[in-house]
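Visitor: Hi! Could you walk me through this structure?
Guide: Happy to, let's bring it up.

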Amino acid sequence: MDSHTQEIAKKLHIISLGCTKNLVDSEVMLGRLKHYNITPDIQNADAIIINTCGFIESAKQESIATIFEAANKRKNGAILVVSGCLSERYYDELKAQIPEIDIITGVGDYDKIDVMLEQKRSLHSQRVFLADEGNERVIVNSTFHAYVKLSEGCNQQCSFCAIPHFKGKLFSRTLDSVLKELESLYNRGFRDFSFIAQDSSSFLRDRGQKDGLVALIEAIDKLQLPITARILYLYPSTTTPALIESIARSSTFLPYFDMPLQHIADSMLKIMNRGANKNYHLKLLRQMREVENSFVRTSFILGHPGEGEAEFEELCAFVEEFNFDRVNIFEYSPQENTQSFALPQVEKKLINARIKRLNKIIAKQQKAHFHAMLGKNIEVVVEGKSEISPYFYSARARLWAREIDGEILINDTDLNDLDLLDSHQNLASGAYLCQITQVKDNFVFGKLLERL
């Protein structure tokens, strides 16, 4: 067997932790390593890549635990590679304290992973890598949906966030670059897209264009492709009424508004250095709610230094009144090199009690949202079998973002056309019309009516 054949026969196991932005970088690495066979079994892999997250304490601990688990499970001779945000922030510490790591790299050299494995050496550039249309990606876990990264870095100065410290200032791709990648993905069969960044609403501001996201929406609409799209991670102070109106009238972009608020009390917004006050937030949110069929998602940080009972009560009252479609709650995590790190910290027991109380409010609202779907016919995207049971297919409302907004379990269908089956005799991924037939214990069940 020649060396090239041996190389093709090598097996790769990759673990992508953290956010979808990390996932895009993992897909770039897979694109550079197409000569490897992907294996789900870590013990059979010749190379193991862990693309880490280092944003908050729980993510750091998960990344470290995953590294040690991989080191213990790997077979003799397997190469362990650690990349991503954790290794960018703590490169020297990981290199010194975890000798089991064979190759360590940060956030600057994803497109050189093939060279690193071939030469069995680490790289740690000072740049931050940003995928563009020239980087081939192997899209994972979907043949219908793909993420498109708009920019890297961030110009915001949130008091709790260390991302600008290790990802640097905002730098955006060109509009032309994004359009070329979108058309390439479309030609590969993808029909649903999520546009992502640390701060999507600041797209192109580093290039002197304040309305870059509006320009992107208008340019994609002009392509007249039969696709759907949504934008994740709008930052409140750079989200404008004009941007909301642009999304509302778009022929391509869904009325999906993902704007992490982190808090609502003016005193907390000031401490967090969020750049906008409560009234501005409310102005944007009301405009979003006025858009027909809008879906509004946000996140909050509980227990940030300075959050007293009055601020927490104000937040609870606000969440109850506004009734978001989805809410994520995060426990404040002290981060080195941030303004909040040196401030007096809120007691952990109190933070946990606040999380529990706010979660009860959100869970009640979520239950009501699901029950309001009962009996309705909605467009859904089907993407394979559900992890809950192989007897169900997994779907999501077409308006929902992938993996974060929920799952509709398909347990019935009127469809008998064999053309709907893929090569593995499973229901083909794609868009369908679905009737919501049952809601039970926060599980939503549906019946497929037709292929769209």
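Guide: What follows is a short tour of this predicted model, from the overall fold down to single residues.

Visitor: How many helices and strands are there?
Guide: The protein has 14 helices and 18 strands. Its radius of gyration is 23 Å, close to the 22 Å that the globule rule gives for 452 residues, so the protein is as compact as a globular protein of that length.

Visitor: And what does the C-alpha trace span?
Guide: About 65 × 60 × 45 Å along the principal axes.

Visitor: What share of the residues counts as buried?
Guide: That would be 55% of the 452 residues. As for the surface, the accessible area comes to about 20,600 Å², and carbon and sulfur atoms make up 49% of it.

Visitor: Switching to charges: how far apart are the mean positions of the positive and negative ones?
Guide: They are 2 Å apart, for 53 positive and 60 negative charges.

Visitor: Let's zoom in on helix α10. Which of its residues are buried?
Guide: Helix α10 covers residues 241-249, and its buried residues are L243, I244, S246 and I247. Looking down the axis of α10, you find them within an arc of 160 degrees, so they line one face of the helix.

Visitor: Now C53, where is that?
Guide: C53 sits in the loop between β3 (47-52) and α3 (57-73).

Visitor: Is it buried or exposed there?
Guide: C53 counts as buried, because its relative accessibility is 13% and the cut-off for buried is under 20%. Leaving out residues up to four places away in sequence, C53 touches L17, G18, N22, A59, K60, S63, C85 and L86.

Visitor: One last stop: which strand holds A431?
Guide: A431 belongs to strand β17, residues 430-440. A431 is buried too, at a relative accessible area of 5%.

Visitor: What is A431 in contact with?
Guide: Beyond its neighbours within four places in sequence, A431 contacts F144, V380, V381, R398, R451 and L452.

Conventions: Residues are numbered from 1 along each chain as its sequence is written. This is a predicted model: local features need pLDDT of at least 70, side-chain atom pairs count only at pLDDT 80 or more; totals for chains, interfaces and linings use all residues. Side-chain values use heavy atoms; hydrogens and water are left out. Helices (H or I, at least four residues) and strands (E, at least two) are DSSP runs, numbered from the N terminus. Buried means under 20% relative accessible area, exposed over 50%, partly exposed in between (1.4 Å probe, protein chains only). Contact means heavy atoms within 4.5 Å. The radius of gyration is taken over C-alpha atoms; the globule rule is 2.2 Å times the number of residues to the power 0.38. Accessible areas come from the Shrake-Rupley method with a 1.4 Å probe; for residues, only the protein chains shown count as cover. Lys and Arg count as positive and Asp and Glu as negative; His and the chain ends are not counted. The place of a charge is taken as NZ of Lys, CZ of Arg, CG of Asp or CD of Glu. The arc is that of the directions from the helix axis to the C-beta atoms.
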